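I opened this entry to keep track of what I looked up. The notes follow the order in which I checked things.

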Amino acid sequence: MSIGIDKIGFATSQYILKMADLAKARGAEPEKFSQGLMLDAISIAPITDDIISLAASAAADILTEQDKMEIDMVIVATESSVDQSKAAAIYIHSLLGIQPFARSLEMKEACYAATAGLNYAKLYVEKHPNSKVLVIASDIAKYGIGASGESTQGAGAVAMLVTQQPRILELQDDNLAQTRDVMDFWRPNYSTTPFVQGIYSTKQYLDSLVTTWKEYQKRQPTDLADFAAFCFHLPYPKLALKGLNKIIPKDSAAKVKELLRANFEASITYSRQVGNIYTGSLYLGLLSLLENSKTLKAGDKIGFFSYGSGAVSEIFSGVLVDGYEKMLRTDRLSDLNKRTAITVKDYEKLFYEEAKLDQSGSASFETYKTGAFYLSEIKEHQRIYKGPHHD
């Protein structure tokens with residue numbers, strides 16, 4: 001049975017901070033970010049645009065009423081959870097109007113969890129061929145003003161509908177994961193921003209890639225030349241480029257290197273304008289690849305490297321199906337270019353605003369630009385969301 005990604009949707013915030021402006025404010029050369037990180041801008045989410053509003057907007061972009069009747073599981077992967085108990089998926093299930101007899105849950109393992117969600121969805125559809133599973137990766141990457149990771153922040157959500165006979169990508173049965181107990185990036189419950197050992201985390205990412213790839217090749221006799229493209233987790237694009245260069249054999253044919261590097265550039269097109277979206281970064285890379293590559297065709301094999309600090313990594317592959325290009329958009333970059341650019345001062349106010357609860361546990365917010373869904377208020381400690389059918 002062919003199972004995989006039938007539709008992909010994406011949403012990000014309506015505000016951006018240009019990296020050249022951040023560089024100037026922090027006394028750094030613009031090239032440090034534009035070349036050193038390969039980032040041009042990062043998405044900035046106001047308090048009214050959180051992982052739930054972003055996730056709902058990303059999913060609403062692709063779902064039909066029939067999809068909503070046939071979805072019987074909603075999985076949200078995030079490391080920016082708004083509640084320690086109630087799953088973000090429950091809010092989204094309600095906001096989208098998905099039929100009631102569906103399972104809804106939230107998954108966590110740093111930037112990796114969406115990959116686990118995708119694999120769980122695939123296994124579920126194998127057992128229940130008429131089912132559809134909605135997998136959403138939604139995150140807001142927030143490090144702190146002047147922090148070492150400040151330039152790699154971002155916000156966004158990627159929604160994927162997993163079905164049999166998918167119209168975009170058929171997932172293969174070749175997943176290989178690796179777990180190692182390391183402290184490269186973590187966020188205790190008492191902290192609103194993470195603790196990061198940047199250089200160590202970079203080494204863990206690259207070493208996890210190399211060791212998992214070697215083991216993958218042992219179990220799945222294959223060569224990088226078998227892949228038309230390789231998508232990577234994108235904490236920032238330059239790190240992924242280092243990863244690609246690590247696994248390209250020195251004796252690879254020039255044509256193979258050229259194809260992989262050209263498709264890598266296509267895969268980072270959106271991330272250059274959005275920044276790090278944690279669990280969604282790998283899948284934003286896939287969407288960017290599919291919508292920007294000049295060479296991909298049906299039957300092409302795409303490799304994936306997923307990484308979540310702490311650390312879990314996974315390599316797997318998918319094959320493009322006939323007609324996949326009909327499920328994509330060609331105008332997404334123009335949409336991204338319509339976002340509102342803000343000053344560094346406004347970014348510092350917007351991005352780090354926290355709810356000021358009164359004695360009843362309620363809070364109201366200023367009006368900010370958002371997508372179709374938004375956090376309207378907090379009422380007696382309950383988050384109230386509004387959208388097209390929930391005003």
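**An exposed glycine**

I began with Gly 146, which counts as exposed because its relative accessibility is 56%; exposed means over 50% relative accessible area, buried under 20%, and partly exposed in between, with a 1.4 Å probe and protein chains only. Gly 146 lies in the loop between S6 and S7.

**Ground rules**

I noted that this is a predicted model, in which local features need pLDDT of at least 70, side-chain atom pairs count only at pLDDT 80 or more, and totals for chains, interfaces and linings use all residues. Residues are numbered from 1 along each chain as its sequence is written, and side-chain values use heavy atoms, with hydrogens and water left out.

**Ser 151**

I looked up Ser 151 next and placed it in the loop between strand S6 (132-141) and strand S7 (154-164). Ser 151 is buried, at a relative accessible area of 7%. For contacts I used heavy atoms within 4.5 Å. Setting aside neighbours within four places in sequence, I found Ser 151 in contact with Met 19, Leu 22, Phe 33, Leu 37, Leu 39 and Ile 42.

**Ala 11**

I located Ala 11 in strand S1 (residues 3-12). Its relative accessible area is 10%, so Ala 11 is buried. Not counting residues up to four places away in sequence, Ala 11 touches Leu 54, Ser 57, Ala 58, Gly 156 and Ala 157. I also checked Asp 226, which is 215 residues from Ala 11 in sequence and 32 Å from it in space, C-alpha to C-alpha.

**Helix H8**

Which residues of helix H8 (residues 237-247) are buried? I listed Pro 237, Leu 239, Ala 240, Leu 241, Gly 243, Leu 244 and Ile 247. Their cover includes helix H7 (198-219), strand S12 (229-232), helix H9 (254-267) and helix H10 (271-274). I wrote down a rule beside this list: an α-helix has 3.6 residues a turn, so residues three or four places apart point the same way.

**Cysteines**

I searched for disulfides (pairs of cysteine sulfur atoms within 2.5 Å) and found zero. The sulfur of Cys 111 is too far for a bond, because the closest cysteine sulfur, in Cys 231, is 16 Å away. Cys 111 counts as buried at 10% relative accessibility, and Cys 231 is buried as well, with a relative accessible area of 1%.

**The whole chain**

I counted 13 helices and 18 strands in the chain; these are DSSP runs numbered from the N terminus, with helices (H or I) of at least four residues and strands (E) of at least two. Buried residues make up 58% of the 391 residues. Of the contacts between residues at least 6 apart in sequence, 75% join residues at least 24 apart.

The C-alpha atoms fill a box of roughly 65 × 55 × 40 Å along the principal axes.
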